[in-house]
Amino acid sequence: MYAMRRELNQYRQAGPIAEIAVADPHRLTQMLFEGALERIAVARGAMTQGNVPLKGQKIGQAMDIIGELRGALDLERGGELAANLDSLYDYMIRRLVAGNARNDPAALEEVSILLREVKAGWDAIPEQMRKAS
């Protein structure tokens, strides 16, 4: 039974790794959004179950991902949009820190809502524009 579970986990991990290897930059960004949202969801579950170590680990991972999204912004060429996203990502990270410290699932939900909104805009970029950048 243990060997089958280990093999199943290896299979689950191989899918995203294979996708990363062939993904274009647009898809990689989508995967970052998905990863942050998934980690926040797990952190919220851990919070409600009182699993402090898992909560902290997943919030930290979500903050790292949001930090990567923020770091990928081109503030010189991106103009007002990039500046606004930079401020929004900074706010998200601060809300995750506060949510973690106060054990506040509403703060995590707020960040999830904001991330889903930004992701929806990213997902709506037409195929022609994705290849142009």
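This is a predicted model: local features need pLDDT of at least 70, side-chain atom pairs count only at pLDDT 80 or more; totals for chains, interfaces and linings use all residues.
Close-up 1. Helices are DSSP runs of H or I with at least four residues, numbered from the N terminus. A107, L108, V111, S112, L114, L115, V118 and K119 are the buried residues of α5, buried meaning under 20% relative accessible area, exposed over 50% and partly exposed in between, with a 1.4 Å probe and protein chains only. Their cover includes α2, α3 and α4, contact being heavy atoms within 4.5 Å. Residues are numbered from 1 along each chain as its sequence is written, and side-chain values use heavy atoms, without hydrogens and water. Local features need pLDDT of at least 70 and side-chain atom pairs count only at pLDDT 80 or more, whereas totals for chains, interfaces and linings use all residues.

**Close-up 2. The packing of α2 against α5.** Helix α2 (residues 25-49) and helix α5 (residues 105-123) pack at an angle of about 165 degrees with their axes 10 Å apart, which makes α2 roughly antiparallel to α5, a term for angles over 145 degrees. Axes are lines fitted to C-alpha atoms over the stretch in contact, and angles run from 0 to 180 degrees between N-to-C directions. Among the contacting residues are F33, L37 and I40 of α2 and L108, V111 and L115 of α5. By class, this contact has 12 nonpolar, four polar and six charged residues; Ala, Val, Leu, Ile, Met, Phe, Trp, Tyr, Cys and Pro count as nonpolar, Asp, Glu, Lys and Arg as charged, and the others, Gly among them, as polar.

**Close-up 3. The packing of α2 against α3.** The axes of α2 and α3 come within 8 Å and cross at roughly 160 degrees, and the two helices are therefore roughly antiparallel to each other. The contact includes F33, A36 and I40 of α2 with I59, A62 and I66 of α3, and its residues divide into 14 nonpolar, three polar and three charged.

Close-up 4. Helix α3 (residues 52-71) and helix α4 (residues 79-102) pack at about 170 degrees, with their axes 9 Å apart. The residues making this contact include R70 of α3 and D90 of α4. D90, at 26% relative accessibility, counts as partly exposed. D90 and R70 lie 20 residues apart in sequence and 7.9 Å apart in space, C-alpha to C-alpha.

Technical notes
Angles under 35 degrees count as roughly parallel, over 145 as roughly antiparallel, 65 to 115 as roughly perpendicular and the rest as oblique.
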